[in-house]
Amino acid sequence: MKLDKFDRQILRVIQKNATISMAELSQQVGLSHTPCWRRVKKLEAEKIILQKVTLLDNKKLNLGVSVFIYVSLKNHDGESLNDFENAVQSIEEVVECHTTSGDKDYLLKVMVESIEEYEFILKTKLTNLPLVDHLSSTFALKQVKNTTELPIKEPN
């Protein structure tokens, strides 16, 4: 789907506020209600808009410790990678999992209440993931930037 300036503006606005009314959205992007609604529905149908979520304050939920873990696997065949990726889905403390280039296979982001809780997760869950050869953990000292907003740019 080729996005025009109205589609891009709709995406910018709803990234900031997914609960905005259609009337307010249409006013902000300069379209009448029905064409704006149709565009949002098309963006959803095309899976450009995947879902609407509520962002939570991790510190107020006592999840103030962020840990980044590099994972190296023993095997790199398709089945091994799939087994690892499927298993990591069931660990709720893992909030992100990325495959990486270079000498590490995956980068995980884990959010927990304390270092002690992370140690427990490490010993009981992470080291038991399929085919894990090596884990290397780094604790975030301070969050400098955190956004879910994608940079939606105009085409060149």
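## The second largest pocket

What volume does the second largest pocket have? The second largest pocket has a volume of about 180 Å³, where a volume is the space filled by probe spheres set on grid points that are joined across faces, edges and corners. A pocket here, on a 1 Å grid over the protein atoms alone, is an open set of points where a 1.4 Å probe fits, with protein on both sides within 12 Å along at least five of seven lines, and lining residues have an atom within 4 Å of a point. This is a predicted model, in which local features need pLDDT of at least 70 and side-chain atom pairs count only at pLDDT 80 or more, whereas totals for chains, interfaces and linings use all residues. Residues are numbered from 1 along each chain as its sequence is written, and side-chain values use heavy atoms, with hydrogens and water left out.

The lining of the second largest pocket includes Asn 58, Lys 59, Gly 64, Val 65, Ser 66 and Phe 68, and also Lys 109, Met 111, Ala 140, Leu 141, Lys 142 and Gln 143. Two elements, β1 (65-73) and β3, each give two or more residues to this lining, and β1 provides the largest share of it, three residues. Strands such as these are DSSP runs of E with at least two residues, helices are runs of H or I with at least four residues, and both are numbered from the N terminus. By class, the lining of the second largest pocket divides into five nonpolar, four polar and three charged residues; Ala, Val, Leu, Ile, Met, Phe, Trp, Tyr, Cys and Pro count as nonpolar, Asp, Glu, Lys and Arg as charged, and the others, Gly among them, as polar.

## The largest pocket

The largest pocket holds about 1200 Å³ of space. Its lining is made of 31 residues, and those nearest the centre of the pocket are Val 53, Leu 55, Thr 147, Thr 148 and Glu 149. At least two lining residues come from each of α1 (5-16), β2 (94-99) and β3 (106-112), and α1 gives the most, with four residues. The lining of the largest pocket contains 15 nonpolar, nine polar and seven charged residues.

## The sheet and the helix across it

Four strands form an open sheet in the order β2-β3-β1-β4, with antiparallel pairing; two strands count as paired if DSSP finds at least two bridges between them. Because β2 and β4 (132-139) stand at the edges with a single partner strand each, one side of each is left without a neighbour in the sheet. From one strand to the next, the twist averages 20°.

Taking the pairs in turn, β2 and β3 are joined in the antiparallel sense by five bridges, and Thr 99 stands opposite Tyr 106 in β3. β1 pairs with β3 over seven bridges, again antiparallel, and β1 is also joined to β4 by seven bridges, the two strands running antiparallel; Val 71 stands opposite Leu 135 in β4. Helix α4 (residues 78-88) lies across β1, β2, β3 and β4 and runs at about 15° to β3, where axes are lines fitted to C-alpha atoms, for helices over the stretch in contact, and angles run from 0 to 180 degrees between N-to-C directions.

## Ser 66 in strand β1

β1 is mostly covered, since seven of its nine residues are buried, buried meaning under 20% relative accessible area, exposed over 50%, and partly exposed in between, with a 1.4 Å probe and protein chains only. Ser 66 belongs to strand β1, and its relative accessible area of 10% makes it buried. Ser 66 stands opposite Met 111 in β3. Not counting residues up to four places away in sequence, Ser 66 touches Lys 109, Val 110, Met 111, Thr 138, Phe 139 and Ala 140, contact meaning heavy atoms within 4.5 Å.

Asp 7 lies in helix α1 and counts as buried at 4% relative accessibility. Beyond residues up to four places away in sequence, Asp 7 touches Met 1, Lys 2, Arg 39 and Leu 43.

Gln 15 also has its place in helix α1, but with a relative accessible area of 23% Gln 15 is partly exposed. Leaving aside neighbours within four places in sequence, Gln 15 is in contact with Thr 148, Glu 149, Leu 150 and Ile 152. The C-alpha atoms of Gln 15 and Trp 37 are separated by 16 Å, and these residues are 22 apart along the chain. Lys 41, in helix α3 (residues 33-45), is partly exposed at 39% relative accessibility.
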